[in-house]
Amino acid sequence: VQLQASGGGLVQAGGSLRLSCAASGSIFSINAMGWYRQAPGKERELVAAITSGGSTNYADSVKGRFTISRDNAGNTVYLQMNSLKPEDTAVYYCNADLNTDYDDPTEDYWGQGTQVTVSS
């Protein structure tokens, strides 16, 4: 199983970026996908998550600015980030809670991080 993330970059405060993460490989079902971020010297934190049923969850710090969504197949997740702030600067990691076989429990899989830098 691989999670391929893309879309990070450098943007000025107030700007927008869209992150994408595609899950591929031997996947039976995906329970949820999400985005985490880790800033220097800080712990990794949940940014946003979306379940297979479409329920979403956001960190308070990004509510109203970020939107998480999935494609119809459910294997790609997007994070639209608007009104970006310097404090959003971090490495963003894609996460998927999935199983690879009918009888297997779900496990967490992680993509490589993508750097988001917001300049003031």
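Tyr102 counts as exposed, at 62% relative accessibility (exposed means over 50% relative accessible area, buried under 20%, partly exposed in between, with a 1.4 Å probe and protein chains only). This is a predicted model, in which local features need pLDDT of at least 70 and side-chain atom pairs count only at pLDDT 80 or more, while totals for chains, interfaces and linings use all residues. Residues are numbered from 1 along each chain as its sequence is written, and side-chain values use heavy atoms, with hydrogens and water left out.

Let's stay with the aromatic rings. The structure holds two aromatic pairs; rings of Phe, Tyr and Trp (its six-membered ring) pair if their centres lie within 6.5 Å, and planes under 30 degrees apart count as stacked, over 60 as edge-to-face and the rest as tilted. Tyr102 and Phe28 make an edge-to-face pair, with 5.8 Å from centre to centre and 85° between the planes. This pair links distant parts of the chain, since Phe28 sits in the loop between β3 and β4 (29-38) and Tyr102 in the loop between β9 and β10 (107-110), 74 residues apart. Strands such as these are DSSP runs (E, at least two residues; helices are H or I, at least four), numbered from the N terminus. Phe28 is partly exposed at 47% relative accessibility.

The rings of Tyr36 and Trp110 have centres 5.0 Å apart and planes at 65°, so this pair is edge-to-face. Here strand β4 supplies Tyr36 and strand β10 supplies Trp110, 74 residues apart. Trp110 also has Arg44 over its face, at 4.7 Å from the ring centre (a charge sits over a ring if NZ of Lys or CZ of Arg is within 6 Å of the ring centre and within 35 degrees of the ring normal). Likewise, Arg18 lies over the face of Tyr78, at 4.1 Å from the ring centre.

Now for the disulfide (a pair of cysteine sulfur atoms within 2.5 Å). A search of the whole structure finds one, joining Cys21 to Cys94 with an S to S distance of 2.0 Å.

Strand β9 leads on to β11, with which it pairs in the antiparallel sense over three bridges (two strands pair if DSSP finds at least two bridges between them). Tyr92 has Thr114 in β11 as its bridge partner. Strand β2 (residues 9-12) runs parallel to β11, joined by four bridges.
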